[in-house]
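Open your viewer and follow along, one selection at a time.

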Amino acid sequence: DLYLHKALAIYGFRIPKNPLLLYPRVIHGLAVLLFRIWFPSTMGRRIPTEEDLEINDLILKKGQALTITETMRFVLEMLLAAPRFTKFRSESLEALVVLVAIFSLGGISFTVGKKILNYAADHAHEYDQRSQAGTEFMCTFHNLISGNWKNETYDPDIAEIGIQVGDLYNTNTYMAMQAHIYLERGDRTAGKILEKLDQIAEIYEYDYGRLAKYSHGSLFLYKFGEFEKAVTLADEGITFMNRTLGNKPGTLMIYSMKIKALVQLGRLTEAEESLKEAHDISRQEKLAPYFHSFILTANLLFETSKLEEALHTGDKTGAVHFRNRIKKSAKKAVRISKKAAYERVECYRLTGIYYWLLKKHARALRWWSKAQREAERLGANIEYAHTLKEVSRRLSDSGSRYRTLKGESAASLNDSADRMFKELEIQSR
């Protein structure tokens, strides 16, 4: 990062370290970008020189380094560079498309991200495979985060093009995001994509590619109910990250899977220890919603489990403590999940459990209805099945004041959940 910073300065492109100097330029960059996106005739008027392309390439390389170390700094510096990326003709589309990550990863605006993708798709040359692949890569990222993944399909040819043009970073990101989409749909094709990604990472000895083995590998194991294996792989991943990349966002994603798996195994003391370690890391950096959402949901799962335990054992002090904590945690998790669709159903379900434990059954049912609707809309089949099972179990409680959700009985919800679990070949948590 320091080398690239100095190299850009030599070319005359200086990036302020001081926030007081950086933020005005970021705001200017954002304003220019929005104007040009809404008035496309103002885009791409200049033909880039070789030096222009070299500067853009250095900015992108610096941005890739920042996504591994400081995601929010990545957002700021790419917005600062937005006037450069939008003033050149299609030879600079690769740089322009990266801005999609800002608006999706940064949780700023899915609408703007989509407009950039549409512009890039309309202006890419047929022979420019690198720009076409880059657009496809970012489209996948955008669709995952915005929740538009029902018809998303992994294209091995696109991944191959990325490798051929030497774009390992975006190729690895594309494959990991595709695997995540297949996971949310409950499709085990995700495992095959991750295996291929691991092979590529080993062939090229690429540590960023190896990250997915642990982050998305533990996510795969968690989603398909292999909790012990998820904990083991997560521990290996945390050790790997500390030894190599030092990627805080990626490390937090791995911690999140470990915490969730430990909660499902009933090992709440270990989960609490891991949560404290994760919070220590998260306090060191302002996280983008993509990464922040994982740890917030893991925290909410842990706290609702502790609240239920306290109520079950008659621990009044513990119950009051976690009731107050969850009130804040649930609001924060739900707010961030608006910018991270893949965690949304679980957040809604856990919020419903919180209100159910407080005997506020009507509010709980409203949250579970939202979870059910969102799961149907997204095609989030695994979380949909768990939601139906959870609601069925709660409605069957002797203390339940309700016996149906949207006219469907507990028995009917349970049967629907069991059918889905059978189709997905997983067990209920």
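**The whole chain**

Colour by secondary structure to find 21 helices and two strands; helices (H or I, at least four residues) and strands (E, at least two) are DSSP runs, numbered from the N terminus. This is a predicted model, in which local features need pLDDT of at least 70 and side-chain atom pairs count only at pLDDT 80 or more, while totals for chains, interfaces and linings use all residues. Residues are numbered from 1 along each chain as its sequence is written, and side-chain values use heavy atoms, leaving out hydrogens and water.

Zoom out: the C-alpha atoms fill a box of roughly 75 × 45 × 40 Å along the principal axes. Buried residues (under 20% relative accessible area; exposed is over 50%, partly exposed in between; 1.4 Å probe, protein chains only) make up 59% of the 429 residues.

**The aromatic rings**

Next, select Phe, Tyr and Trp. The structure holds 17 aromatic pairs, counted when ring centres lie within 6.5 Å (six-membered ring for Trp), with planes under 30 degrees apart called stacked, over 60 edge-to-face and the rest tilted.

Start with Phe35 and Phe39, a tilted pair at 5.0 Å centre to centre and 40° between the planes. Phe35 is partly exposed, at 46% relative accessible area, and Phe39 is partly exposed too, at 45%.

Then pick Phe220 and Phe224: their centres are 4.9 Å apart and their planes meet at 50°, so this pair is tilted.

Finish by selecting Phe141, Tyr290, Phe291, Phe294 and Tyr342, which form one aromatic cluster.
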